[in-house]
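Dear colleague,

I am handing over a structure that you have not worked with before, and I would be glad if you read it alongside the notes that follow.

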Amino acid sequence: MLTLRGAQQVFRTARGDVPAVAGVDLDVRPGQVLCLVGESGCGKTTTARMAAALSSPTAGEVLFRGRDVATMDRGERAAFRRSVQYIHQDPYASLNPVRTVFSTVSAGLRRHKLVKDRHEARRVTIELLERVELTPAEDYLDKYPHQMSGGQRQRVAVARALAMEPEVIIADESTSMLDVSIRVSLLNTLGRLRDDLGVSFLFITHDLAVAKYFAWRGEIAVMYLGKVVEHGPTPQVVNDPRHPYTQALISAVCEPDPDLARTKERVRLRSSDIPDLTDLPPGCDFHPRCPLYAEGSCDTERPPLVRSHDRLLACHVVTRG
Amino acid sequence: MSPVNDLPTTPDDPGPLLSVRGVDVGYRTGRRTQVTAVHDVSFDLHPGQSMALVGESGCGKTTLGLGLLRLLPRSGVVPKGEILFRRKDGTRVDVRTLEKEKLRRFRWNEAAMVFQGAMNAFNPVLRIEEHFLDTFRAHERAGRRRPRKEILERSAELLEMVRLDPARVLGSYPHELSGGMRQRSLIALALALRPQLIILDEPTTALDILTQRSIVERLAELREELRFSMVFITHDLGLAAELADRVGTMYAGRLIETGTTRDIFYRSRHPYTSALINAVPPVVGDLHVPESLPGGPPSLNALPPGCSFAPRCAHALDVCTTTRPTLDVLQHRGAGLSHTAACLRSTDAELHAEGSPVIDRTVNPAHAEPRPDDTAPRAASTVGHAGAPASTGPAPGSVLDAASAAEAVEADERRAQPPC
Amino acid sequence: MAVTTAPASAGVWGTIWQGLTRSTSGFIGLCLVLSVLLFSFVGPLLIDHHNPTDVSRIWGPMSSEHWLGTNHEGKDTLTQLILGGREPILVGLMAAVITVAIAVALGAVAGYVRGRVDHFLLQLTDITMTIPFIVLMLVIASFYRTSSPLVVSLIIGLVTWPYLMRSIRAQVLTLKEREFIEAARLQDLGTARILCVEVLPNMAGYIFINFIIAITNAIYAVVGMYLLGLLPSTAENWGLMIQQAWDNNAFLLPQAAPFLVAPMVMIMLFQIGLVTMTRSLEQALNPRLRDR
């Protein structure tokens with residue numbers, strides 16, 4: 001449905017070109033979840049912004065229903081805009097502080113003539129708020145963002161996206177600023193949208209636990225320094241990570257279980273420094289930190305992302321067997 | 001200020017390092033009005049202990065942490081209680097009533113704070129070395145000015161302790177360092193005068209997982225090495241499980257459950273603590289459906305009568321809305337490690353039968369039966385977990401029976417709640 | 001004054017009201033401004049406008065009949081003072097409206113649209129800023145003897161907008177990067193709508209503060225022009241009073257002091273009121289100051 005083909009984003013800075021995303025192939029399938037995980041600076045947000053056409057790739061293409069977004073005409077682009085919605089990370093910044101919930105959620109409805117009059121706008125807004133479980137919806141209509149908690153604000157942002165009847169929702173760290181207790185209920189709400197409305201998700205997070213929970217029946221793509229290093233069905237990737245970077249990530253998570261925390265085996269990295277994007281090491285980007293580093297191709301040749309059993313992997317050592 | 005000596009001090013058991021008694025912390029909101037953010041908190045922290053304060057945002061964790069060292073913003077006050085601290089020379093002081101100059105000398109020498117948001121804690125126009133110089137100079141004894149070179153050597157040692165390269169870090173400005181490096185520099189700065197207590201406010205929030213991991217490990221090692229006590233404030237229960245010996249749960253400004261880490265994670269007796277723990281999806285193992293905890297903490301201006309958690313509590317009885325539960329001791333232990341909970345149903349057998357609902361974490365998923373509808377989640381083998389949980393914690397033996405009970409609970413859960 | 005917990009729902013106007021009433025200085029400022037306004041706009045309704053020339057009482061002293069004495073023509077100073085506030089204040093207000101309107105419109109467009117439009121508008125501000133105001137007024141006054149307050153305010157407004165326009169543009173540039181603006185763009189809401197409904201209301205407080213600053217500047221400008229005799233006026237007017245006092249060497253005569261000082265005091269009170277108001281407003285509307 002939404003496809004990235006060799007998408008690349010290079011930022012030109014005074015210190016040289018920064019390849020934030022260096023050629024990524026991703027597919028968001030109808031009604032499915034694709035989760036992008038990685039640390040900050042790995043290019044996952046840049047990828048999401050390209051997918052939402054908030055920035056255009058410097059090379060490669062973004063396809064929506066098989067059409068290249070860059071070559072779309074006005075009408076097609078408007079349809080794309082509506083079908084692909086984006087939910088920001090920070091619910092405190094993504095809602096206009098001087099506008100009420102009703103005004104925020106209904107702006108798109110009224111602009112695109114999805115409702116006839118104010119009365120209908122109010123009715124539809126109430127339905128949307130109920131969908132994101134802000135009930136009783138009437139109480140929220142006239143509230144301002146600062147009168148609501150972070151979780152409630154994020155639900156308003158979701159309702160605003162839903163107003164456009166999207167087919168794909170791109171959620172950029174949408175739950176990371178919320179308290180644990182609220183995070184789960186928002187994830188459940190998003191899960192219901194996926195199951196009941198068949199909305200596809202491109203879900204970006206640094207939290208593997210969240211990724212695992214939300215994308216259990218979908219796929220996970222792990223990014224490192226602008227490239228996908230492991231991509232496969234969630235249960236396989238999370239429970240049996242193959243790429244040393246994925247293994248390091250998963251073993252580094254703090255588990256809410258004191259016994260497990262004490263006994264869990266940790267992957268030891270050779271270095272904790274992340275290479276500078278302007279000065280990437282030769283060969284595999286991960287080799288200076290990689291515990292599996294072996295003499296030979298690791299520091300000379302960049303490993304391609306190739307199919308290995310049930311997933312795609314970019315590692316010389318693991319794919320060699 | 002006068003040294004207070006209300007607890008016997010013997011050479012063997014020097015008594016608690018920090019003894020907090022009935023402390024309230026509030027903020028002035030107007031000339032005569034104030035809102036109380038922390039109510040009647042009491043606990044003892046013994047030397048070498050690491051205590052986590054957990055809870056949702058707005059529960060008063062940070063306010064309490066700041067209040068303990070009187071680092072509150074100008075509008076903050078500590079109107080009630082005692083914060084008794086045993087100094088290095090063995091005398092006790094009440095931090096709450098310490099006068100300004102003595103308080104200044106107390107901080108950093110005896111107890112240091114690592115603030116949340118490492119960027120804002122540094123002055124952006126000063127190099128890291130200048131921060132170290134300032135800290136040492138501000139706290140050295142009058143008349144004895146240490147040469148710059150000596151201080152820088154000591155700073156370099158401190159930075160090496162947190163695994164940073166002093167040559168690179170000392171000459172840098174804060175913005176030139178990554179978040180993890182800044183956080184580590186802050187910890188080094190907090191350790192500068194060898195304090196007995198460090199209070200850390202959300203030490204790993206906003207850091208990447210791998211950076212988090214290295215800081216967590218370094219903190220644990222440093223605590224072994226330097227034997228300081230720690231109070232850390234976090235909403236990340238994983239961090240608490242990993243770094244703390246004991247946990248205090250806060251809700252609506254009160255301490256509602258305290259105990260050892262194992263008490264809290266395996267035998268929680270307060271529904272709020274259980275709910276918090278159950279809300280965290282674990283990474284290891286099969287899909288575990290976390291429970292959501294709807295609503296948010298009550299406004300400090302309008303606390304409900306009775307138990308402040310009652311409106312959100314799934315197990316609340318009528319009596320909960322009228323009677324405020326006291327923090328009852330459930331299992332008595334020395335050194336401030338007693339398991340206490342403020343819940344009217346904390347001893348209710350019905351609620352806590354067959355092990356509390358949180359213990360299913362102890363099940364090793366590798367040993368659990370595969371789900372019938374399982375596509376193919378293979379047991380993690382490369383990383384993750386090493387066999388059954390070893391009994392390294394303070395209360396061995398309770399894990400195995402808990403595990404079997406939990407297996408049943410988890411199986412039930414799966415039948416009732418298919419993964420979405 | 002009693003501090004009550006303000007309703008959280010207060011919008012921009014609520015915040016403005018709070019900012020003015022919560023701090024003592026803001027409240028004093030507001031009172032000053034309101035009393036000068038009452039004095040100049042309600043006062044004229046209450047007094048007899050007939051203020052005849054009376055050669056028998058030139059520079060008359062303060063008395064129960066003439067509270068502030070009389071002027072060089074024997075006219076009652078207080079009557080003149082009451083009648084003379086309207087014009088400078090109105091001119092100040094109108095000039096401020098014009099300045100702010102131009103600055104906001106052009107600043108918003110330049111900041112939001114960027115590109116060639118932005119470039120052109122910035123050039124325009126550069127050119128306008130180089131025009132020496134007083135010289136321009138001298139030229140205009142010598143060719144075109146205007147006495148219409150509207151024309152005066154139009155001239156002041158047309159010359160002073162670039163400074164505000166630049167700061168509005170800068171504000172729009174930062175607001176534009178905010179996520180809620182991006183969210184509005186993602187909803188395809190249209191540029192005009194985003195500007196008017198999403199961007200500008202967020203600057204309402206800032207614009208309001210600058211509006212008040214523009215009033216103070218315009219009043220100084222207009223009083224200065226009267227003082228220099230650039231603007232002839234038939235009506236009573238504080239600026240004109242000062243000019244007449246100057247022309248008639250009032251500063252040498254002790255008994256003429258009320259006539260010279262009274263309009264100056266009125267202008268000062270009004271300006272001090274506006275400035276203190278602005279300061280507390282800034283505290284209320286600027287979140288970074290508010291938190292301290």
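Residues are numbered from 1 along each chain as its sequence is written, and chains are lettered from A and ligands numbered from 1 in the order in which they are written.

**Chain B**

Strand E3 of chain B covers residues 50–54 (helices, H or I of at least four residues, and strands, E of at least two, are DSSP runs numbered from the N terminus). Five of the five residues of E3(B) are buried, where buried means that 20 or more other C-beta atoms, placed from the backbone, lie within 10 Å of the residue's own, with 12 or fewer counting as exposed and the values in between as partly exposed. Ser50(B), Ala52(B) and Val54(B) lie on one side of the strand and Met51(B) and Leu53(B) on the other, so that both faces are covered. E3(B) runs parallel to strand E8 (residues 229–234) of chain B, to which five bridges join it, and Val54(B) has Thr234(B) as its bridge partner there. Four bridges link E3(B) with strand E9 (residues 246–251) of chain B, and these two strands also run parallel (strands pair if DSSP finds at least two bridges between them).

At the level of domains, whose bounds come from an automatic or database domain assignment, chain B is divided into domain 1 (18–244) and domain 2 (254–416). Contact between them involves 18 residues of domain 1 and 14 residues of domain 2 of chain B, two residues being in contact if their C-beta atoms, placed from the backbone, lie within 7 Å. On the domain 1 side, strand E2 (34–45) and helix H9 (237–243) of chain B each supply at least two residues, and the largest share, nine residues, comes from E2(B). By class, that side has 10 nonpolar, five polar and three charged residues (Ala, Val, Leu, Ile, Met, Phe, Trp, Tyr, Cys and Pro count as nonpolar, Asp, Glu, Lys and Arg as charged, and the others, Gly among them, as polar).

Some care is needed with parts of this chain. The mean pLDDT of chain B, the predictor's confidence in each residue from 0 to 100, is 75, and 77% of its residues reach 70 or more. The pLDDT is below 50 over residues 1–11 of chain B, a stretch that has 16 contacts in the model beyond near neighbours in sequence. It is also below 50 over residues 354–420 of chain B, where the corresponding number of contacts is 111. Where pLDDT is low, the predicted coordinates should not be read in detail.

**Chain C**

Chain C has 13 helices and zero strands, and its C-alpha trace spans about 75 × 55 × 30 Å along its principal axes. Of its 292 residues, 42% are buried. The unreviewed UniProt entry places the feature "transmembrane region" at several stretches of chain C, including residues 207–231 and 251–270; such annotations, given in the numbering used here with shortened feature names, may be inferred rather than shown by experiment. In the model, residues 207–231 of chain C are 84% helix and 0% strand, with end C-alpha atoms 30 Å apart, whereas for residues 251–270 of chain C the figures are 70% helix, 0% strand and 23 Å.

Chain C is divided into domain 1 (14–48 + 60–85 + 236–292) and domain 2 (91–230), and their C-alpha centres lie 26 Å apart. Their contact takes 17 residues from domain 1 and 14 residues from domain 2 of chain C.

**Chain C with chain A**

The contact between these chains takes 18 residues from chain C and 23 residues from chain A. Helix H8 (179–186) and helix H9 (191–199) of chain C each supply at least two residues of the chain C side, and H8(C) gives the largest share, five residues. The chain C side divides into seven nonpolar, five polar and six charged residues.

With best regards

Technical notes: Predicted model: local features only at pLDDT ≥ 70, side-chain atom pairs only at ≥ 80, totals over all residues.
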